[in-house]
Amino acid sequence: MLTVPYKDISPQEARKLQEEKALFIDVREPEEFAQVRIEGAQLIPLSEFGGRFSEIPKNQPVVLYCRSGNRSAQAAAWLSAKGYSNLLNLDGGLMAWYQAGLPLDTTPLEVTYQDTAFTELTPHEAQQWIREGAYVVDVREPYEYAMGHVPGAVNIPLGRFVSEVGKLPKDRKLVVVCASGGRSSQASEYLVGHGFAKENVGNLEGGTYGWMSAGFEVER
């Protein structure tokens, strides 16, 4: 029997834990956190997890959240592989928390990366972009791409991205994909910083993991 590495919890369950002063980790990007957040949450973007996960203590419950629950689920699975237990994922993310009528901290914060912000897409939003003609770029390694990718995606590994970015169309929306959303967020930031319109650059939340978790097929 497979053991689920983390537990999904409802906004109401998360609220009780917040009142008990449990540790909340927000895995969104800085510009998202600057706009709105759960009060008391600590920001550790998923794209920075590799270098910063040791900031998270192992001896207490940890509630992870993002916009929709995809990136935080990936973060929870990643932490579990590093030996963490008692990991809790806010099911539905910040959107579910808001829809449940729970309080949010909207105090303005200094926005990091504001000039290079891109669009975060849930799997359903990404699918809609693709239906409307978006160009899909998978920045994983070729062996990862071969194991399963978003249908129609073109493979440009992150290591070759800078040299091949000129091949990408600037007159179409771009959906950027990796395994979890970390590498693709780096690629998305690079695109916006090099002349691509930020409203046309979308990062797939949770990557192919989130895509498949939403019930969408991959191509091999």
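**Strand pairing, ring contacts and cysteines in a predicted model**

In strand E10 (residues 201-204), Val201 and Asn203 point one way and Gly202 and Leu204 the other, and all are buried, where buried denotes under 20% relative accessible area, exposed over 50% and partly exposed in between (1.4 Å probe, protein chains only). In a regular strand the side chains alternate between the two faces of the sheet. The structure is a predicted model, in which local features need pLDDT of at least 70 and side-chain atom pairs count only at pLDDT 80 or more, while totals for chains, interfaces and linings use all residues. Residues are numbered from 1 along each chain as its sequence is written, and side-chain values use heavy atoms, with hydrogens and water left out.

Helices (H or I, at least four residues) and strands (E, at least two) are DSSP runs numbered from the N terminus, and two strands pair if DSSP finds at least two bridges between them. Strand E10 pairs with strand E6 (residues 119-121) in the parallel sense over 3 bridges; here asparagine 203 of E10 is the bridge partner of glutamate 120. Strand E9 (residues 174-177) is likewise joined to E10 by 3 bridges, and the two run parallel. Asparagine 203 in E10 is also the bridge partner of valine 176.

An open sheet is formed by 5 strands in the order E1-E5-E4-E2-E3, with parallel pairing. Its edge strands are strand E1 (7-9) and E3, each of which pairs on one side only. Between E4 and strand E5 (residues 87-90), 3 bridges are found in the parallel sense, and the partner of valine 62 in E5 is leucine 87. Helix H1 (residues 11-19) lies across E1, strand E2 (23-26), E4 and E5, running at about 95° to E1; axes are lines fitted to C-alpha atoms, for helices over the stretch in contact, and angles run from 0 to 180 degrees between N-to-C directions.

Valine 36 is located in the loop between helix H2 (30-35) and strand E3 (42-43). Although 70 residues separate valine 36 from threonine 106 in sequence, their C-alpha atoms are 4.7 Å apart. Beyond its neighbours within four places in sequence, valine 36 is in contact (heavy atoms within 4.5 Å) with Arg28, Leu94, Leu104, Asp105 and Thr106.

Rings of Phe, Tyr and Trp (its six-membered ring) were paired if their centres lie within 6.5 Å, with planes under 30 degrees apart counted as stacked, over 60 as edge-to-face and the rest as tilted. This rule gives 4 aromatic pairs. Among them, phenylalanine 53 and tryptophan 78 form an edge-to-face pair, because their centres are 5.1 Å apart and their planes stand at 75°. This pair links distant parts of the chain, 25 residues apart: phenylalanine 53 lies in the loop between helix H3 (49-52) and strand E4 (62-65), and tryptophan 78 in helix H4 (residues 70-81). Tryptophan 78 has 28% relative accessibility and therefore counts as partly exposed. The pair of tryptophan 211 and phenylalanine 216 is tilted, with centres 4.8 Å apart and planes at 55°; both residues are buried.

A charge sits over a ring if NZ of Lys or CZ of Arg is within 6 Å of the ring centre and within 35 degrees of the ring normal. The charged end of arginine 37 is placed over the ring of phenylalanine 33, 5.3 Å from its centre, and lysine 170 lies over the face of phenylalanine 196, 5.1 Å from the ring centre.

With a disulfide defined as a pair of cysteine sulfur atoms within 2.5 Å, the count is 0 disulfides. Cysteine 66 is in no disulfide, the nearest cysteine sulfur being that of cysteine 178, 14 Å away. Cysteine 66 counts as buried at 0% relative accessibility, and cysteine 178 counts as buried at 1%.
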